[in-house]
Structures are given as structure tokens and as C-alpha cells.
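Hi,

Here is the structure I promised to pass on. Have a look at it first, and then read my notes below.

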Amino acid sequence: MNTASRGLSRRDALKLAVMAGLAGVVTAYPERRTFAATQQTLDLAVERSRLTIDGATSRGIAIGGSIPAPTLRWREGQEVVVHVTNKLDEPTSIHWHGLLLLGVMDGAPGFNGYQPIMPGETYTYRFQLRQAGTYWYHSHSAGQEQEGMYGAIVIEPAERDPVRADRDYVVVLSDHTPERPDAVLRKLKLGSVSEGYYNRGKRTLFDFFQDVDRDGFDATVRNRLDWGDMLMEPTDLADVTGYSFLVNGKGPQDNWTALFNPGERVRLRIINASAMTIFDLRIPGLPITVVAADGQNVVPVKVDEFRFGVGETYDVLVLPQEDKAFTLFAEPIDRTGFARATLAPREGMSGDVPARRPRTVLTMADMGMDHGSMAGMDHGSMAGMDHGSMKGMDHSAMMGMGTGSMPGMDHSAMPGMNHGAMAGMDQGMAKASDRALGWADAATPPGTKALSYTDLKAFSKTRDLREPAQEIVVRLTGMMSRYIWTLNGAKFDQGTPIRVAYGDRIRIRFVNETMMAHPMHLHGMFVELENGQKDRLPRKHVVLVPPGQTTSVQLTADEPGEWPFHCHLLYHMASGMMTRFIVERRTASL
Amino acid sequence: MRSNTRSLTTASLLAGIALLSAPGFALAGAGEPGHGHTAAIGEPAKASAAKRVVQVELGDNYYKPESLSVKAGETVRFVLKNKGDFLHEFNIGTATMHAAHQKEMAMMVEHGMLTPTGINTSMSGMDHSKMGGMAEMKHDDPNSVLVGPGETKELTWKFTKETALEFACNMPGHYESGMVGKVAFTR
């Protein structure tokens, strides 16, 4: 039985549930990828395994006998019991990403009294499901998540699902490297000094001369100096490359396929279980109706593509009418490859694989922070600038600087510059050069729509409309040169925990002072993204904060405990980009 | 909204939008085909002509019941109760007609004439001459009713002959979410 490629209708799931209920205990074994039961007790073993991607076999770690781990199909309100047995020779853990539960069941070692599961030991998780939707589970120990310890969770709602579908598929995206995660991190730390070990899109001397020709020498040098100050490189969109990108554990050649009959309504529960990869995802020829984000229902919004942060999930609907194959295509933002799967009426079909989009070139706007360096500009030299060659300058970058941040600039020294003309120039340039400029530019074709965070509108109203009692600023910081990623400038073990009072309404303001986007994940509670949707702020467990930008969220601190709060890029977390978010009850002494 | 509705005689209850119709695009009167398909899909009828009443619950985003069964030549009075938080439509047509109507409604939402929760009546004061293609935009099809949150409305429809029909909500994303049902013809 190949349930993975057939998908499960709700009726099938119920049938399985009845069968499983009779069996009482469902034990995971290889090839069995889906579980459903009314009385949920299951055993999951964590063990070394191998996986074969497009014909190449490498080592990995499996939960429940497969990579990805089996999809856990549960029902809202159920109490689930999961016995996890560690068959590795190192400690492990399983974290239930996005689930509301007691801290000790959250599965993050070192938090809420949860201890890692030692080799040979079994830990019993027991919790009641207080929510419905698409979530996932993964290791929260070392680099094990990168090695294959991730799987989907689907919780059917107790009430009517606001979405009806004929087919229901889980689509788990991931990135796989045959290297061991500790080796990857070592190389990142060693190689980052000047090499940009994994950054194959690194700009070269040749690029430099091209830029000089295009931008003029001063501008080019200045740009270089700025990048030098940032200790990053302008194509540093992702810091690990050499990945294979997988859909449900299958490579692009393996071509994981989901079947449909033309006219059917197909629900895809798409999970970004990557260690490090932010994707742009589309299904050419099929509009995508987004119906849930991070497991929480949203007012349906129709788009052509979306940018997909690590740890996020999106539930989407597609309605293929034609008897043909469609390609699900997910490109990492550094465009170093792609994940591909197929939706088709029959097995063995494949659709066109679209041309890869250009890799964006980060601009000064993506720096956001470093306006200070502008003060040191040699304005005198600008007077002598060859304005003719300025046509090629990336003015979009200059836009982002904001005039306020350039107090030291002597505008009188720039007599020949026509600012009015500059405004329009960057657009023409972006179109003329077949390049994408700036982090947010996914090279989305004109006339098509990419999902924006502002499109997300919660399906049910925001429950807590109080003004936040406390505002917390979390600066996303880092030193690329030494591969140290931090929050508020401090590594995890050196930083001060965040403390909030139980029951309070809190605002968190993420200020991204780095050149990379960071998917910020809070355990234990949903945050509500302040995206302008007033009383329908979308509830999320991961918020992707673009480089150089500020994003704010609110939350009601209604889950006591000390929760991990971290960047979900695995190697960023591993290098220190994490803190404790402590929700404490008020005591008399306070 | 209600005062506008009172002045209209069409099956359409979406007065705010109907008023946006420019001169020359007068409302299709009851019984006049709004789409050209109307003859095939049936026609509006007087409530008194119906021998059968069907209660339909509109929710977020679903219908209860999920499908309907009618006979050719039968006239049915639909009582449509919106129990949800969002604006919903009850529209009888073919899948193709719904697909076309979804585009129109998406544009109405984009232009603020419709919001996810209701009809923007304040837009009736707009300068229609500047609306270009919008002039043709009107939600006055006799085969469709918009029902706001908490409202109950009616549509009486004569199913003239057997054809592949769906009742559907064409608010953006609702049809896609499954807010559509088949009309089965029984003999």
C-alpha cells in the first residue's frame, strides 16, 4: 500500500482510524507512513538509517522507520501517548512544532525540565490536542533534524473543517546534505572568515570590474567597503549550499507524485522542514488558494506563489481541471537547485520543469542597519562622478537608506545630480537587467501574485484585543565573519532571558540587523503577526523577518514555562541565536 | 442597505453594487437572461409559484446541505440563512459561469465594493465615470443572492431542464475552499 502517493480522504482516514482503534497500539515500521487512530498510542523508534535520493544513498536518522517520519494523523481533543525510544548512540529528542502543550512535553532539552532521551531510553509523551491543523515534529538535539528527523502532524478539527477537499496530501519540503551536520557547522565557522565556504555565488574580481564599469569606481568601492563592514557578501542569501531539495524525502528525479482526478479539489499541507532553506514555491498553471498558515485557518487568499520560511506551514487548495501533469516547484532563494514534485491524473506522468529564476542580488536596502557608514562617505569625490555611468547604479538600494539617516551628507557637493530622475531609474534598471534586486524580489513575473504576509488574515477573530502591557525588542544580530548568530548581541548561553508575566499581552518587535532573513520561532504559544489586519491578526509559530527590516507581533502569555525562542535556521540556532522566553506567574513578592 | 434594496425589483438583493451600474447597463429585469445561459440553467420565479421550500445554511465557508436534488420543471424557494461571519453568495449556474463570476467578484473585492464581511454601501457615491471597466460591474444576476452575516434571504428558482448545475459562493477563495454543491436532477 502506498498511501503516501495516494493521499487520504477523510473517509479513508476514518476507516484507518477504526482499524487502528481495534489494534490498540500502532507500531511504526518501514514503508508505513500514515497513522490514524481513535485511541492514540504509538511507539516511535529513532534510529540510524539510510536514504536514497535520485539514486544516491547516504546516511540519515529515521523516526518510526522512515525519512520523513510517518505522518501522524490525529483529531482535536484526543489525548495522545507517544513512546519514543532512542536507538542512537547519542542523546535525542522530539519536539512537537506548533503544538500547544505542557512545557515538559514540548521536547526541547534544557527547557521546562525536559531532559534529552539518552541512548537506549524510552520517553513517554502524553498530551491532549488543543488545536487542529497542519504541524510537524522534529528533533531538537544537535543537527539531527538535518539528518532526517522530521515528519508531519495533521490534526482533524473537532468541529467542521472550513475547508473541504477531495484529496488531502502532506508535502514535506526539506534540504539534505550527505555531510554530517557538525561538519557543516565546522566549515561554516572555519570558512566564513573570508572564503564564504558555501557561498558559490560569491562575487569575484571579474564582477568587481563589471560593477566598476556599470556603477563607477567610487560607488563600487564604497559598496564593497560596506559589504566588508557587514562581514557578509551581497549574494549571501543562504549560507549552506550543496543541498539536495526534497519533497517527502524524494529528490527532483525521484519525482514524488500526488494523484488527482480532473475537477477534484486537492488540499496540500505544505511544510518547510528544511534545516536552512527558504523556498519560493509555485505550481505553474494552477492558482494556489492559501487556507491556513502555520496550522491556523486564514481567510482564503488566491496567489500564484509564496515565499516559504523554515518551520512554516501553509495549507493550500488547488483545483486542477485538465487531464495533465502539474509541477510543484520550490526554489531555494539562493537558486542553488530546486525541489520538485508532480500532481498528475496518473502515475508516471511529469509536467514541465520551469526555468530557474535569477538569484537576487542583495542591495543596501537589505542592510537596513548600517547607515552609520554613510557618514564616512567622501562627498567630495561624488562631484567628480561620471554621471553617465550612474545609470547602472542600484538606486533601489539608495531608496532604502532614507534621507534622515544621511545627516552628514553635503548635498551641495552633488550639483550635477538630478534626484528627480533617479527615482524612476531603479525600476527601469530592474526590468532591463534580467536580475532580481533586493531580498524581497522573487522575480515574480508581472501579472502574477506572490503571497505577502499582509495578505494573511485570521479566519477567526483575535481574542485578546488589549493593548500590549509590555514591549520587547529582539534584535537579530550576528557576525558572519565568525559565524556567530545572536539575539540582542548575545549568544544563547550568555544572554539574558526574556521574562513576561503570565496573562499579559506582549508585543515583540524583531529588528533584523543582519543581511539574512531569520525565521523566528517561539515554542509554546502562537504569536499574532501585526500585519495590518486589525482584529484578524494571523496566528503564527514562525515569523520570517526579512533582512534589515522590523517585524512586530503580539501574543498573550498564557502558557507558563520557559520556552525556547530562536531562529529556526538550524545552524544559526546551533551557533547561539536562541534565548529563553519565560512566562512566570506573578507572585506576592512582586 | 435595506432602503436601497426596497427600491429594487430584481432578484438581486445587492443594492449597493447594483447602483454602481452606469446608465446603459441597466439592471437585468427579473426573468431577463443576465448571462445568456439563463435559459439553460432555469429562471427566477415568484415565491408563490414554489411548491417546495429548501432551507440552506450558509457558513464559513460551506453550505448545509452540501448538495441538492431537484426535478426538471420544478420551482424551489430557497431560504438562505447566513450563520457565518463572512459575506456569502448563493448562485445557481454552471461551473464555467461560476469561474467567470469569481473573477468579477474578486475585482469587486479588490475595489472595495465588497468586503469579506459585507457590502460597502458608501461606494454608491463614487464617480462612476472614472471607473472604466467597472461600469459593467454589477451584482444583479437573477440567479444569485448575496447574504450578509446574520441575514436571511430568499431566491425562488425554476429549474427548467436537466443540466449540470452547481450552487456556489463566488466570494474570493470560497468556491476553492469547497463552498459549492451539485444540483442533481431526479426524475
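Start with a pair of strands in chain A: β14 (residues 266-272) and β19 (residues 313-318) run antiparallel to one another, joined over six bridges. To find your place there, go to A:Val266, whose bridge partner in β19(A) is A:Val318. Keep in mind throughout that this is a predicted model.

That pair belongs to an open sheet of six strands in chain A, with the order β12-β11-β14-β19-β16-β17 and mixed pairing. At the edges sit β12 (244-247) and β17 of chain A, each of them pairing on one side only. From one strand to the next, the twist averages 25°.

Now for the contact between the chains. On the chain A side 14 residues take part, and they meet ten residues of chain B. Two strands of the sheet turn up again here: β16 (288-293) and β17 (296-303) of chain A each supply at least two residues of the side that touches chain B. The biggest share comes from β17(A), with four residues. By type, that side of chain A divides into nine nonpolar residues, four charged and one polar.

A word on confidence before you zoom in. Chain A has a mean pLDDT of 82, and 74% of its residues reach 70 or more. Residues 1-8 of chain A are below 50, with 16 contacts in the model beyond near neighbours in sequence. Residues 369-433 of chain A are also below 50, and that stretch has 64 such contacts.

Cheers

Conventions:
Residues are numbered from 1 along each chain as its sequence is written. Chains are lettered from A and ligands numbered from 1 in the order in which they are written. This is a predicted model: local features need pLDDT of at least 70, side-chain atom pairs count only at pLDDT 80 or more; totals for chains, interfaces and linings use all residues. pLDDT is the predictor's confidence in each residue, from 0 to 100. Two residues are in contact if their C-beta atoms, placed from the backbone, lie within 7 Å. Ala, Val, Leu, Ile, Met, Phe, Trp, Tyr, Cys and Pro count as nonpolar, Asp, Glu, Lys and Arg as charged, and the others, Gly among them, as polar. Two strands pair if DSSP finds at least two bridges between them. Axes are lines fitted to C-alpha atoms, for helices over the stretch in contact, and angles run from 0 to 180 degrees between N-to-C directions.
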